[in-house]
Amino acid sequence: MTEPHPRGMPSASVAAALPTHAITIPPTVSMVTLLGPRDELLDTIERAFPTVDVHVRGNELSLRGPGADVAVVERLIDELLVVIDAGQPLTRDAVERAIAMLRARTAERPADVLTLNIISNRGRTIRPKTLGQKRYVDAIDMHTIVFGIGPAGTGKTYLAMAKAVAALQSKRVNRIILTRPAVEAGERLGFLPGTLSDKIDPYLRPLYDALHDMVDPDTIPRLMASGTIEVAPLAFMRGRSLNDAFVILDEAQNTSAEQMKMFLTRLGFGSKMVVTGDITQIDLPGGTRSGLAHVRDILADVDDIYFTELTSADVVRHKLVSAIVDAYGASEAKEQAAREAEDHGRHTPRHLAGGANRP
């Protein structure tokens, strides 16, 4: 193992006055597994806790630094050992997320989040990566209708589809129905080439792509031909009663209030519904109120319906996506504040605004 890195270390005089905490790693755990190849995971920990001096000797870690920071690092190591013991690989991203959860002092343990497997397919396991995602997945288990609302990249649809496939595999439902509103995002369907199916397919393609990650591609045509898996535009749901099904409505911000009511009332016996969307990306024509933005006001207090809010902290794409989401959110908040100030100015009486009764 490498000697400790000097950056962020306490001064020699301060370090000498601080007690040293020793952690003995079980001999069954490879130090490379815990600290990463070329100590990249140790590097991640040291960058996150620059006031803690970490020494590695054999299978023992020595920590010296402020008591509060050392305590967090000790708990972090315990959590990482639980993840390793569960057979999960450690990554830089997993370590960073575990640190964030510990600093936030969440009720849930990082190891509980990072070891919750939903399904495995072709050697790939799908699991939540953030606390918000775990709470979303737990809500799907506990409620009949769940709304997953949040920005792009938070895994709203992907995790819902993983839960649907898991429910089908365990025979808790007999079929999966995936649907989206075929809203024209800046394009006219009539001007696109091909048949109606050809025109609609691009809107449903993200659902097909996710499905291929979770189900053997060779079996998908058979499952779709038998009706076990159905991918269809929202308009095709009208007039149906969906029993013993796991139903997912994606891009729900592009439903009207009437369409949302129509969809929710398709719920049949033995079924579960998940509705996902991002209310900051509405493509509806001007003047049409989003059904997703409207439904929370109506159903927030109804039993067995749950609303999950995911944020930029739950983005699991490139780190820049989280920064972009935050930047746009700040810009939109600033524009909204400016509009409200302008509206207030227009409705303020002139004599209160100083525009009349001047001496």
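Residue Y328 is found in helix 13, which spans residues 319-347; helices here are DSSP runs of H or I with at least four residues, strands are runs of E with at least two, and both are numbered from the N terminus. The model is predicted, so that local features need pLDDT of at least 70 and side-chain atom pairs count only at pLDDT 80 or more, whereas totals for chains, interfaces and linings use all residues. Residues are numbered from 1 along each chain as its sequence is written, and side-chain values use heavy atoms, with hydrogens and water left out.

With a relative accessible area of 56%, Y328 is exposed (buried means under 20%, exposed over 50%, and partly exposed in between, with a 1.4 Å probe and protein chains only). Together with L320 and I324, Y328 forms a nonpolar patch on the surface, and the three have about 340 Å² of accessible area together. Such areas come from the Shrake-Rupley method with a 1.4 Å probe, and for residues only the protein chains shown count as cover. Patches are made of residues with over 30% relative accessible area and no salt bridge, like charges being joined within 9 Å and nonpolar side chains (Val, Leu, Ile, Met, Phe, Trp, Tyr) within 5 Å; a salt bridge is a side-chain nitrogen of Lys or Arg within 4 Å of a carboxyl oxygen of Asp or Glu.

An open sheet is formed by 3 strands in the order 1-3-2, with antiparallel pairing, where two strands pair if DSSP finds at least two bridges between them. Strand 1 (20-24) and strand 2 (53-57) are the edge strands, each pairing on one side only, and the twist from one strand to the next averages 20°. Strand 2 and strand 3 (residues 60-64) run antiparallel and are joined by 5 bridges; D53 has R64 in strand 3 as its bridge partner. Helix 4 (residues 67-85) packs on the sheet and touches strand 1 and strand 3, its direction making about 160° with that of strand 3. Contact means heavy atoms within 4.5 Å, and axes are lines fitted to C-alpha atoms, for helices over the stretch in contact, with angles from 0 to 180 degrees between N-to-C directions.

In the loop between strand 9 (245-249) and helix 11 (257-264) lies S256, which counts as buried at 13% relative accessibility. Residues up to four places away in sequence aside, S256 touches T288, R289 and G291. I282, placed in the loop between strand 10 (272-277) and helix 12 (291-299), counts as partly exposed at 36% relative accessibility. Although I282 and Q253 are 29 residues apart in sequence, their C-alpha atoms are 5.6 Å apart in space.
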